[in-house]
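User: I would like to go through a model with you before I set up any calculations. Could you take my questions as they come?

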Amino acid sequence: MAVQQVGENSQNSIPFYRNVKVIGNLAQGIFLILVLVGLAFLVRNVIINAREINITLGFDWLATRAGIPLSESPIPYDQNIHFYRRAIFVGFLNTLKVSLIGMVLATLLGVGTALMRLSNNWVLRQVATFYIEIVRNIPLAVQIFFWYTVLFIPSLPIGGNGFDLGQGILNNSGIAMPWPYYTQNAVLWLPWLIGALVLAIIVFFIRRRQIILSERPGNPWILTLLAFVVVSLVGYFVADNRSTYPENLALNFKESSGRFTSYIDANQDEAFTSRTEETVRAIPIIAKMDEGTLTSIPDKRKEANRTVYSSFRFPLIKKSEFEEAEVTFINPENAEGLSIHYNKFPSVGQIYKDRNGNGVFDKGEAQRTQEEIDASGTPEDGYEGINYQVQMTVKNFERHLVTDNDGETKLPKFKGDNINTRAELKSASPFAWSKPSFPTERTGIVGGQILTNAYLALLIALVIYTASFIAEIVRGGILSVPKGQREAAQAVGLNGSQTFNLVVLPQAMRIVIPPMISQYLNLAKNSSLGLFCAYPEFFKVSEIITGQSGGAVPMVIILIAGYLLISLTFSFILNIFNNRMKLVER
Amino acid sequence: MAFQPQPARPSPQPTSGFGFWLRQNIFNSPLNSIISLLMIILISWSLFNLVTWIVAESDWQIVWNNQRLLAVFQYPSDLLWRPMTCIIIIMSLFGLNAGVSNEGIGHIIRRAFYWILGLIVIIAIVALVYWESVRLYWVIAALLPIVFFFIGNAIPQIAKFLSWGWVLLWFVCTFILVGFGGGHGHESTSPMRYVNPNLWGGMLLSFFLSITGIVLCFPIGIGLALGRESKLPIIRTICTGYIEILRGSPLVSWLFLASVMLPLAINATPAGIIRAQVAIILFAAAYMAENVRGGLQALPKGQGEAAHALGLSPWDTTSIIILPQALRAVIPAIVGLFIGLFKDTSLVLIVGLVDIFAMLNQIANQPDATLVAGGILKELFIFGSLFYWFFCYRMSIASRQLEKQLGLGTR
């Protein structure tokens with residue numbers, strides 16, 4: 001009774017300003033009001049000032065012509081047709097493209113480095129340690145500067161003079177590599193692919209159940225993969241067999257530009273009318289030419305760290321593409337005593353004067369001597385200019401091409417009386433294997449797929465930088481598994497790989513995954529440094545647009561919302577994975 | 001039957017010495033031997049190329065010619081004594097701090113001090129030979145810290161004032177660097193005249209932005225961390241939202257936001273350095289909050305409850321029981337954050353500031369560099385990398401030692 005009395009009394013006697021609940025709510029209220037008032041003040045200022053200096057706060061400008069060139073885009077983008085919103089989306093996709101591939105590669109390199117650091121080979125351990133300690137203490141921006149500005153730009157040769165990689169080429173615009181283009185017939189393969197996927201999932205669950213019931217170690221993935229590969233391969237051959245071309249498919253060749261167009265010849269007049277007739281993409285053709293010539297005027301050219309004198313360049317033509325080719329002077333009377341040296345037969349080379357008579361090109365022989373310069377009265381220091389013009393004659397030229405998204409592809413612009421350029425269709429299939437080619441002497445790659453230098457520089461820098469952090473995380477995770485676990489696993493008779501896969505790895509994963517998630521998010525955010533190598537990712541595109549459209553404020557809001565979207569989506573997906581790992585580990 | 005001694009067993013493999021070490025670490029299996037040999041050949045080849053390049057081809061003239069721009073950008077040349085004074089004050093306090101103790105964390109501080117002092121001694125020697133205008137200051141910067149080191153050694157009681165010294169130091173140095181008085185720097189010749197922040201740059205800017213960032217983000221970060229751990233739902237939501245939004249978007253986007261929106265939002269156009277600094281502080285605060293929160297969560301619950309039971313007010317509980325312990329536990333993480341910030345200052349180039357990285361980019365485009373065939377890029381890159389690498393590496397060593405010292409990572 002008395003206790004209750006006291007309790008009641010004290011409850012009544014607590015003044016409101018000493019009641020924890022009241023104080024708490026009061027503090028929250030004041031805090032909320034302060035935050036809101038502060039925000040309102042800032043927003044109000046932005047609105048007033050924006051109106052004053054006449055910058056837009058709306059989003060209308062998103063639907064106006066972009067007019068900004070973007071050097072690469074995973075989706076069709078034309079600055080004269082598409083709107084700002086498309087340009088922003090392209091930037092967003094470019095960010096995703098570099099981040100997602102970067103995550104996979106960084107994981108591989110990071111785990112590899114971690115294993116190197118844990119290996120029993122002293123040299124490997126030291127190499128891995130050096131790599132980690134150097135790379136993670138240098139800012140990513142500086143590393144991108146290294147890959148792009150220091151390494152790629154000065155050392156990669158221009159256009160067709162690039163390094164020949166057999167099927168592709170590496171030059172100052174990037175790596176051009178062959179690429180399968182899907183055609184209209186790819187639809188025929190699609191049901192098989194879906195079927196294969198469904199079958200693989202069913203096989204996986206059945207096999208896993210079997211393994212669990214049999215109580216023996218085993219891996220369900222092998223059979224799953226096998227089922228998927230077999231069914232999809234069979235499907236591909238069936239689809240390949242049933243592939244056909246659309247009715248009335250025709251090819252048009254325009255001699256003035258060397259352009260082939262694949263189109264539906266609706267009116268069957270065997271002529272292509274660009275306005276009314278529809279083009280068809282991804283048609284594989286074999287283009288042929290009997291005899292044609294190309295011309296080139298020799299000039300000076302700046303290469304990596306030297307000047308190349310008296311250099312001529314033709315559109316890149318490979319040895320396997322012709323029966324006979326020859327480069328000659330158009331005016332032999334001007335070129336007495338001069339010879340031709342090929343850097344890459346027959347497309348790239350230099351004119352030189354064989355002064356020492358050894359029959360090969362030696363250093364300095366492509367430059368004129370001082371006496372020659374004095375005698376001719378022209379100041380050029382090489383055998384350059386219209387007088388030394390050369391021509392390449394090619395016989396029986398043949399090139400495999402695939403028309404691109406516009407239904408077009410190009411050949412070098414051959415001239416001559418019996419060129420007889422023609423093309424025949426290759427047999428239809430779900431995919432057309434397109435090789436890159438250089439129909440002009442500088443850049444302008446046709447076909448294939450190009451990984452630009454900017455993309456490669458950003459990707460390499462991101463992967464190498466992030467992998468050095470991932471390596472330390474993985475190493476820490478593996479080391480954190482107590483030694484007793486390993487010994488116990490060996491005691492129950494597991495072998496080395498079983499010990500690692502079944503005992504060490506699952507326990508290490510639990511520790512490794514959460515910091516890995518934050519490294520993946522860092523990688524995605526760090527891709528915004530693509531602006532240091534002119535890679536048109538989300539931030540770079542936003543920056544250009546801000547300078548141009550006047551919509552700075554809305555653009556910044558879109559930018560931050562976009563990155564938040566990426567971060568939240570990634571962390572959501574990765575956390576699902578993390579939770580699954582936790583459950584498995586128990 | 002004659003006595004037949006058993007043949008002696010072969011002598012055991014030595015378990016020490018260089019040969020044993022080689023067998024154990026480099027040639028311990030056929031595969032490892034091959035890998036080791038290949039790697040050794042590869043490394044020797046790269047080292048050989050590197051050394052020949054450094055000896056025969058590299059040309060450091062351009063870095064040397066631009067030394068002042070790289071160090072302080074356009075900070076007035078007659079006022080160079082001001083950044084130099086800051087270096088002297090900072091190093092003196094560092095020396096005092098290092099001299100006080102050689103136990104535990106004190107040992108780590110002392111090791112770091114030796115490193116930095118070594119660097120300054122080297123620079124001082126270079127200054128003695130080449131840099132007439134700042135010769136004296138560099139020599140003082142190399143000698144005075146040693147004096148203070150011994151003072152600290154002699155009077156260890158000074159330790160309790162040191163943390164206040166560091167806090168005060170930031171204000172003093174900022175004041176010395178900025179100066180006072182209105183108007184433009186070029187009109188006045190006063191030694192303490194105001195220096196337009198647009199003239200700051202180079203290494204000075206990199207250091208200033210990162211140090212100011214870490215100092216000023218500290219109180220905000222602690223507040224946010226406490227807010228996120230608080231039981232009051234509105235405060236918790238707001239703090240969590242702030243932290244997650246700031247961390248969800250890269251620093252470049254916040255720098256960009258600050259340079260575009262800040263002038264509109266506060267009705268004034270602050271200098272670029274202030275805009276960048278605001279973005280860096282607000283961004284770092286979110287990361288600082290997460291670090292501090294880690295410390296708060298690692299703290300046993302009983303600490304707070306015991307303080308409560310003793311009758312301490314919530315304020316006292318937080319400020320003298322919880323925070324000191326929590327912050328102590330996250331010192332390595334804060335050093336890590338500082339390394340990150342220091343590296344991130346290389347991004348301020350996008351808002352038009354000229355830190356050392358931006359300066360290197362500018363030099364790469366100078367005629368002196370571009371007229372040389374291939375451009376002088378490798379030297380610039382190596383110089384910039386070494387600058388960042390030295391400080392970041394030194395700090396990461398300290399961070400790892402601290403971690404060991406504080407018994408983290410062994411949980």
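User: Which side chain does the side chain of Arg82(B) make a polar contact with?
Analyst: This is a predicted model. In it, the side chain of Arg82(B) makes a polar contact with the side chain of Tyr75(B), at 3.5 Å.

User: Is Arg82(B) buried or exposed?
Analyst: Arg82(B) counts as buried, because its relative accessibility is 0%, and buried means under 20%. The residue lies in helix H5 of chain B.

User: What else does Arg82(B) touch, leaving out residues up to four places away in sequence?
Analyst: Besides Tyr75(B), Arg82(B) touches Ile176(B), Leu177(B), Val178(B), Gly179(B), Pro191(B), Met192(B), Arg193(B) and Val195(B).

User: Let us turn to the interface. How many residues of chain B are in contact with chain A?
Analyst: On the chain B side there are 54 residues, in contact with 55 residues of chain A. The two chains bury about 4,700 Å² between them, and 75% of that is on carbon and sulfur atoms.

User: Which residues in chain B lose the most area to chain A?
Analyst: Those are Phe256(B), Leu264(B) and Phe381(B), which together account for 14% of what that side buries.

User: What about electrostatics: how many salt bridges are found across the interface of chain B and chain A?
Analyst: There is 1 salt bridge across that interface. The side chains of Glu133(A) and Arg400(B) meet in a salt bridge, with 3.1 Å from N to O. As for polar contacts, 17 residue pairs between chain B and chain A are counted, both residues at pLDDT 80 or more.

User: Which helices of chain B each supply at least two residues to the side that touches chain A?
Analyst: They are helix H1 (17-25), helix H2 (30-57), helix H10 (233-248), helix H11 (251-265), helix H16 (356-364) and helix H18 (378-405). H11(B) gives the largest share of that side, 10 residues. By class, the side of chain B that touches chain A has 35 nonpolar, 14 polar and 5 charged residues.

User: Moving to chain A, what does Thr452(A) contact, apart from neighbours within four places in sequence?
Analyst: Thr452(A) is in contact with Glu72(A), Ser173(A) and Gly174(A). With Glu72(A) there is a polar contact between the two side chains, at 2.4 Å. The place of Thr452(A) is in strand E17 (residues 449-452), and Thr452(A) is buried, with a relative accessible area of 13%.

User: Where is Asn396(A), and what is its phi?
Analyst: Asn396(A) is in strand E13 (residues 390-402) of chain A. Its phi is positive, about 50 degrees, although Asn396(A) is not a glycine. At 36% relative accessibility, Asn396(A) counts as partly exposed.

User: Is Arg209(A) buried or exposed?
Analyst: Arg209(A) counts as exposed, at 58% relative accessibility. It is found in helix H6 (residues 186-214) of chain A. Pro220(A) is 11 residues from Arg209(A) in sequence and 9.1 Å from it in space, C-alpha to C-alpha.

User: One last topic: how many disulfides does the structure hold?
Analyst: Over all chains, the structure holds 0 disulfides.

Technical notes. Residues numbered from 1 in each chain as written. Chains lettered and ligands numbered in written order. Predicted model: local features only at pLDDT ≥ 70, side-chain atom pairs only at ≥ 80, totals over all residues. Heavy atoms only, no water. Disulfide = S-S within 2.5 Å. Contact = heavy atoms within 4.5 Å. Buried area = accessible area lost by both parts, 1.4 Å probe. Salt bridge = Lys/Arg side-chain N within 4 Å of Asp/Glu carboxyl O. Polar contact = N/O pair within 3.5 Å; in protein donor to acceptor, adjacent residues only side chain to side chain. Helix = DSSP H or I, 4+ residues; strand = E, 2+ residues; numbered from the N terminus. Nonpolar A, V, L, I, M, F, W, Y, C, P; charged D, E, K, R; others polar. Buried < 20%, exposed > 50% of the residue type's maximum accessible area, 1.4 Å probe, protein only.
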